Amino acid sequence: MVETVVKVRNLVKSFGELDVLKGVDLDLYKGENLVVLGKSGSGKSVLIKIMVGLLTQDEGSVKVLGKEVKGLSQRELNELRLKIGFSFQASALYDSMTVRENLEFPLVRNVKNLSKADKDKLVEDVLDSVGLLGTINQMPSELSGGQRKRIGIARTLILKPEIMLYDEPTAGLDPITCMDINNLINQVNEKYKTTSIIITHDLTCAKVTGDRMAVLLDGVFGAKGKFEEVFEHAQDGRVKSFYDYNFIKQ
Amino acid sequence: MAGDPSSKDKIIGKRIDKFFIGLESAFKFVKRFFQEVWFPPYEFKEVIRQCYQIGWNSLPLISLTGFIVGVVFTNQSRPSLAEFGATSWLPALISIAVVRAMGPLVTALIAAGKVGSSIGAEIGSMKVTEQIDAMEVSATNPFKFLVVTRVLASTFMIPILVLYTDFVALLGAFTNVHFNELVSLSTFFVQVFDAISFLDVTSSMVKSLFFGFTIGIVGCYKGYNSTKGTEGVGKAANSAVVMAMFLIFIEELLSLQVTNFFRQL
């Protein structure tokens, strides 16, 4: 039986009078890449931010690696966070630090008794994995959008997470760089044996990286399944229009 | 309706609510600082980096301002003393004014503008670009790394900057006195040290610690609680300066009362 690493039940989250998630159910199975699609503001990012404890739900249950996120103490939450990598939409690289310092930041604070040689090796390995070893001494401001995304992913990989959460990994990038990032997500999945949730509204990214799709519509998952099942044979008009307006169809 | 008394009451009520909610949030922020400052991990490297940013990088501005304050204050005080034929008291008068009030106040106000705004803007932009969230999800404590380090650095560096400003302002005063009254450097400083007491220096240092803490904590609080967007970053920087300056004047007033109490003992 396949292990469930994330289990979400009846998740409800509102911001003031705006109901964003209205009873979301979700299972993420070990080793798979699940793509969560939906329009801007549909609550995709809110969903994964609740999974890492950056936001707290109003109702419902979110279990990650068997632990209910809401009830965890700060220490338990930190232990859980070490097993989750979170790639932010705008990369969220620390502006005042070089690429090396960005990568070392989580490492030196979470791995005890690490020699300088070990630290350097880990940083170089992970930078090599994303193909950006040459940028090690550069500042984030000197990097392109695609490079920043890759470094952001590398920073999360350095702690060898079991689960990767990608928030809009291809947003704001040109099609060729998008493809590079899509390939990188697949390579990361293979090399680091991660389970991933990819938040996107880019259907190319969804098709290339995802094993399974889940489409957020009006605060609940309107469709779930393989790409072909969800989009190419879509019955729901909202899913159909989502597909029709995407450049793949054009 | 705009003119409806009940709607005016509601607006006033909301403002009062907002004020007290803000006060509670600020109190919790300060409380969190005192809870976290004692316990490891200690970010020594970042504290040193912030000390350099706050201290060393403020030196050119502080030097210029301190020197000008010394020159101008001496020049403005001379006519009043000359009326009584007491220009020889200039070094004593200036040293008391500089050490007791002007040095700490000028340094703190400049630091509130330079350091407070930069802390507010830096942390505010980190909040807006999700860098603080990125620290949290990598199981590190952003409050410890960003807030504790900056507040400590600011608390340590402002007293040092105040001592430096005092020295530079007295140098400016000496330059003016030397060219007008032909007083030598040693005579000037003998008069200076005769005039100031241990209590003057101690009270100046203690209030400088409070000024430094205020500048750091207000900058961090405003940045940490900035709302989304670049407009929020600008507001955070601006309100950090305004609030810090306001609090510095209040603290100056309180310190005056406390020092006077000790002086009368």
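Predicted model: local features only at pLDDT ≥ 70, side-chain atom pairs only at ≥ 80, totals over all residues.

Reader: Thanks. What is the handedness of the crossing of α4(B) and α7(B)?

Author: The crossing of α4(B) and α7(B) is right-handed. The axes of α4(B) and helix α7, residues 185-195 of chain B, come within 8 Å and cross at roughly 50°.

Reader: How are α4(B) and α7(B) oriented to each other?

Author: Angles under 35 degrees count as roughly parallel and those from 65 to 115 as roughly perpendicular. The two helices α4(B) and α7(B) are therefore oblique to each other.

Reader: Which residues make the contact of α4(B) and α7(B)?

Author: On the α4(B) side, look for B:Pro91, B:Ala92, B:Ser95 and B:Ile96. On the α7(B) side, the contact is made by B:Phe188, B:Gln191, B:Val192, B:Asp194 and B:Ala195. Sorted by class, the contact of α4(B) with α7(B) has 6 nonpolar, 2 polar and 1 charged residues.

Reader: Now for another partner of that helix. At what angle do α4(B) and α9(B) cross?

Author: Helix α4 covers residues 90-128 of chain B and helix α9 covers residues 230-264 of chain B; their axes come within 8 Å and cross at roughly 150°. That angle makes α4(B) roughly antiparallel to α9(B), since angles over 145 degrees are counted that way. The crossing of α4(B) and α9(B) is right-handed. Their contact consists of 15 nonpolar, 7 polar and 1 charged residues.

Reader: What about α2(B) and α6(B): how do they pack?

Author: Helix α2 (residues 44-54) and helix α6 (residues 142-181), both of chain B, pack at an angle of about 50°, and their axes are 8 Å apart. So α2(B) and α6(B) are oblique to each other, and α2(B) passes α6(B) in a right-handed crossing.

Reader: Which residues of α2(B) and α6(B) meet there?

Author: From α2(B) come B:Glu46, B:Val47, B:Gln50, B:Cys51 and B:Ile54. They meet residues in α6(B), including B:Phe145, B:Leu152, B:Phe156 and B:Met157. The contact of α2(B) with α6(B) divides into 8 nonpolar, 3 polar and 2 charged residues.

Reader: Let me step back from the pairs. How many helices and strands does chain B have?

Author: Chain B has 9 helices and 0 strands, and from the N terminus on its elements run α-α-α-α-α-α-α-α-α. Taken along the principal axes, the C-alpha atoms of chain B fill a box of roughly 65 × 55 × 40 Å.

Reader: Into which domains is chain B divided?

Author: Domain 1 of chain B spans 1-36 and domain 2 spans 43-264. Their C-alpha centres lie 30 Å apart. The contact takes 7 residues from domain 1 and 8 residues from domain 2. On the domain 1 side, the touching residues divide into 4 nonpolar, 1 polar and 2 charged.

Reader: How many residues of chain B are in contact with chain A?

Author: There are 11 residues of chain B in contact with 13 residues of chain A. The chain B side of that contact has 4 nonpolar, 4 polar and 3 charged residues. As for chain A, an unreviewed UniProt entry lists residues 6-243 as "domain: ABC transporter". That span of chain A is 39% helix and 26% strand, with its end C-alpha atoms 27 Å apart.

Methods
Residues numbered from 1 in each chain as written. Chains lettered and ligands numbered in written order. Axes fitted to C-alpha atoms, helices over the stretch in contact; angles between N-to-C directions. Helix = DSSP H or I, 4+ residues; strand = E, 2+ residues; numbered from the N terminus. Left-handed = near helix turned anticlockwise from the far one by under 90°. Nonpolar A, V, L, I, M, F, W, Y, C, P; charged D, E, K, R; others polar. Contact = placed C-beta atoms within 7 Å. UniProt positions renumbered as here; feature names shortened; annotations may be inferred. Domains from an automatic or database assignment.
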